[in-house]
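Subject: Structure handover

Dear colleague,

Please read the notes alongside the coordinates.

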Amino acid sequence: ILKYSRLVIFYLMEDWTEKYRPESLDEIVGNERAVTELKRWADAWNRGNPKKHAVILSGSPGTGKTSSALALAKDYGWPAIELNTSDARNATKIKKVATFGAINETFDNNGSFVSSHKGGRKLIVLDEADNLYEKIKDNGKNDMSDKGGKRAIIDTIKITKQPIILIVNDYYNLIKGSGENLKRTCKLIKFYNPYPNSIFGLLKRICISEGITADLKALKTISDRCKGDIRSAVNDLQSICLDKKQLDMQSLNALGYRDKNKIIFDALRDIFKTRDIQNIKESVSNLDEDPNSV
Ligand SMILES: Nc1ncnc2c1ncn2[C@@H]1O[C@H](COP(=O)(O)OP(=O)(O)OP(=O)(O)O)[C@@H](O)[C@H]1O
Ligand SMILES: [Mg+2]
């Protein structure tokens, strides 16, 4: 454990990607157009006449899709209800939440009914919807991925009384097969990889807030290297700065270590964030390291 003490500190610290997750759409870095389109769609819901009941946010990992959905919910004062689409059994739950009247009732995060005198609009967020219901497959007999899953979602979108956001990495995977109708029923909002310059600005703000003196060239390098993945840029910054308040080009060498042993960071992340022993075993066995030294 000594060998990896830096990593352990890293995972005991507050995760900067959470600490600096945008609270409002105004804080989303890059993707101005996507943000504007999201706001327009939400405004139409508020006026009661949205052209499309649902939007699909598509784009690469770490570009701000989930953050934007949650920020929208905050900005508009709509409680976000995140429902898992990987299990076909949730189709009924989603439909129930989506079609319930907007006034006087609300649901908690699991879709259970919660009485509320306030009520109001709820934002239904179907995150990581790439493989709608694909987990239900018993020996190929019961493949819900195409039969039930996508169709159920499409039907729900048609009749929903609540705004729905679907989030995917791969739009084409979503709309293939019986997902074709999603093209017509949803508004597509694409997230592009933000420019290094925008990411640079965010990293600089984080450094200021953390009291870190940074060589701007080093920040520029991190922004370039992450290839538009803001999550990994912020993670890199935190992993370099975890035991110092000074960031120079030399400290980037620690990142080379991360590149080489990138998997160990990811595995430790899994280990610290999971309670599922099988996942832990898998994470460790996927490592290019002796499990005993981990
Ligand atoms: N556009 C952004 N502006 C500000 N911070 C961002 C942005 N995108 C990502 N981040 C940072 O990265 C973290 C992860 O972002 P987010 O969860 O929104 O990515 P995502 O696009 O949903 O990725 P994935 O496809 O992997 O789910 C955020 O908590 C935030 O710290
Ligand atoms: Mg996400």
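**Ligand 1 and its shell**

Among the elements, α4 gives the most to the shell around ligand 1, with 3 residues, where helices (H or I, at least four residues) and strands (E, at least two) are DSSP runs numbered from the N terminus. This is a predicted model, in which local features need pLDDT of at least 70 and side-chain atom pairs count only at pLDDT 80 or more, while totals for chains, interfaces and linings use all residues. Residues are numbered from 1 along each chain as its sequence is written, chains are lettered from A and ligands numbered from 1 in the order in which they are written, and side-chain values use heavy atoms, with hydrogens and water left out.

There are 17 residues around ligand 1, of which Thr17, Gly62, Lys65, Thr66 and Ser67 come nearest; a residue is near a molecule if one of its heavy atoms lies within 4 Å of it. Both α4 (65–76) and α11 (230–240) supply at least two residues of this shell, and at least three come from each of domain 1 (5–19 + 194–263) and domain 2 (31–190), with bounds taken from an automatic or database domain assignment. By class, the shell has 6 nonpolar, 8 polar and 3 charged residues (Ala, Val, Leu, Ile, Met, Phe, Trp, Tyr, Cys and Pro count as nonpolar, Asp, Glu, Lys and Arg as charged, and the others, Gly among them, as polar).

As for individual atom pairs, an oxygen atom of ligand 1 lies 2.7 Å from an N or O atom in the side chain of Lys65, and a backbone N or O atom of Gly62 is 2.8 Å from an oxygen atom of the ligand. For the side chain of Arg231, the distance from one of its N or O atoms to a ligand oxygen atom is 3.0 Å.

**The second largest pocket**

The lining of the second largest pocket takes residues from both domain 1 and domain 2, so the pocket lies between them. Its lining divides into 6 nonpolar, 4 polar and 4 charged residues, and the largest share, 4 residues, comes from α3.

With regards

Note on methods: Polar contact = N/O pair within 3.5 Å; in protein donor to acceptor, adjacent residues only side chain to side chain.
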